[in-house]
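Biologist: Pick one part of this model and take me through it up close, please. I'd like to hear how the pieces are arranged.

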Amino acid sequence: MIPGMYYSMYFVLNENMQIEDAPDPIFLNIRHSSANYENSYVPYYSQRNGDQSWITQADQDRGVGGYTYEYYEQPDMHVNWENVRQDFSLQAGWYHQLQEAYMQQAQAAYTQVPEEILPRLTALVEETPLDKLDDITAFILYTLHSNAVYALTPGWAPLNEDVVEYFLFERKSGYCVHFAAAATLMYRLYGIPARYAAGYVVDPGEFSLRQDGNYHATVTDKSAHAWVEIFLPEYGWTPVEVTPAADGSIAASYPGFDGALLDQLFEEHNWDLAVPSLAANSEKPGQTEIGSGPENPPFPKFLRNFDWKQYQNILLVAGSCLVYTLLLSPLFLDYRRLRIQRKMEEMNCRNIFDRLLEMLHWCGVMVDMDGTEKDFSDRFREIVPEDAKEKAAAFLKAVCDTAYGPDKPSREDADTALQVYRCIAQMMYDRQSPGKKFIFRYFKAF
């Protein structure tokens, strides 16, 4: 019973709060062109309605279904706990308890952030302490819009790089997925319950009036979108648009926050969108450069003052051990090489791709690329032997699908990746000089 109460809570509350000229809810009938209803698309401030009268008998005979929601638009929401209909007072008490319990859980669950893999984003928030929601929203928008631009082809994030940090601090271009993910994490780091949402955004102009008096729109993947939601006590989960509009402007708004307030906050904090707030390729915390010179001699002082004669016997023993080690090194290197090869057989396609890039760079091939570039696949196909091009294409597709899709890397994908890797490794090995072949084979174990 409680989950059902929660999912329609804000619709029911709005419906039963006494206001003059209360608006009527809007009915939205939804039909999936694929006839697959494993997922449903839910408008905000809504309640599922069991009305099926709009589905004709002919549709039912063909197995064509659908579902209906009735909902209120955001400006029509007026949840006021002091203005409850008398015949709803008992239920209002239940809903109030439910709201309080959910808010407590949301504060704990939707503010969690893996700070250990987001050092730069965490440091950015810590360096700009804010406690008011509107100030936080303005700072998030300032950070995103002054440092990143909208692009449909931003490339891949390198393996083992966090997508959000790479987008914001290095690549500085992305689409709705990147902007929404970054905003979600920044809200959470500030202690504001937030979550990432995906679905469809349909402009009112896309609806056309039909003869039966209903409006109709066909929604395609062009309307697919991602955004961030924040939790507001009297509205529940509320969308915030953080992706730049088509003209580059900021369209973010929620109850109590609009463009005029955003301009005012920008002026108060001296934030200028024309001036990027982050340095290009910001260093990760802990990165330092070590120089050399008189203040940093190449050998520690104790080695320069070392009494070699005093430890002659020890040095002889150490020298003997070194000779034996050199004699046994071929066996050791062979064993090490076999271990690495066997370990690769247990890797997934993304790990093999990372290993392949390391090999190509060491051989001086595609050193200017890290796999995220738009033309990477074209450049990669140029170096692949003709008989391996088909498998190479499947390899790259599997890496991309598992990096951004819901599926986990499969064993079949890993086997294909390993075949492509070994083919290219043999080709790279044949091109090396004798000395580099030895390093390639044994030390790098490519």
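Modeller: Let's go for the sheet: it's an open one of three strands, running in the order β1-β3-β2, with antiparallel pairing. This is a predicted model, so to speak of local features I need pLDDT of at least 70, side-chain atom pairs count only at pLDDT 80 or more, and totals for chains, interfaces and linings use all residues. Residues are numbered from 1 along each chain as its sequence is written, and side-chain values use heavy atoms, with hydrogens and water left out. Strands here are DSSP runs of E, at least two residues long, and helices are runs of H or I, at least four, both numbered from the N terminus; two strands pair if DSSP finds at least two bridges between them.

At the edges you'll find β1 (26–30) and β2 (46–49), and each has a single partner strand, so one side of each has no neighbour in the sheet. From one strand to the next, the twist averages 30° (angles run from 0 to 180 degrees between N-to-C directions, with axes fitted to C-alpha atoms). Look along β2 and you'll see four bridges joining it to β3 (residues 67–71), the two running antiparallel. Arg48 sits opposite Tyr69 of β3.

While you're there, glance at helix α13 (residues 376–383), where Phe376, Phe380 and Ile383 are buried (under 20% relative accessible area with a 1.4 Å probe, protein chains only; exposed is over 50%, partly exposed in between). Down the axis of α13, those buried residues fall within an arc of 60°, so they line one face of the helix; the arc is taken from the directions from helix axis to C-beta atoms.
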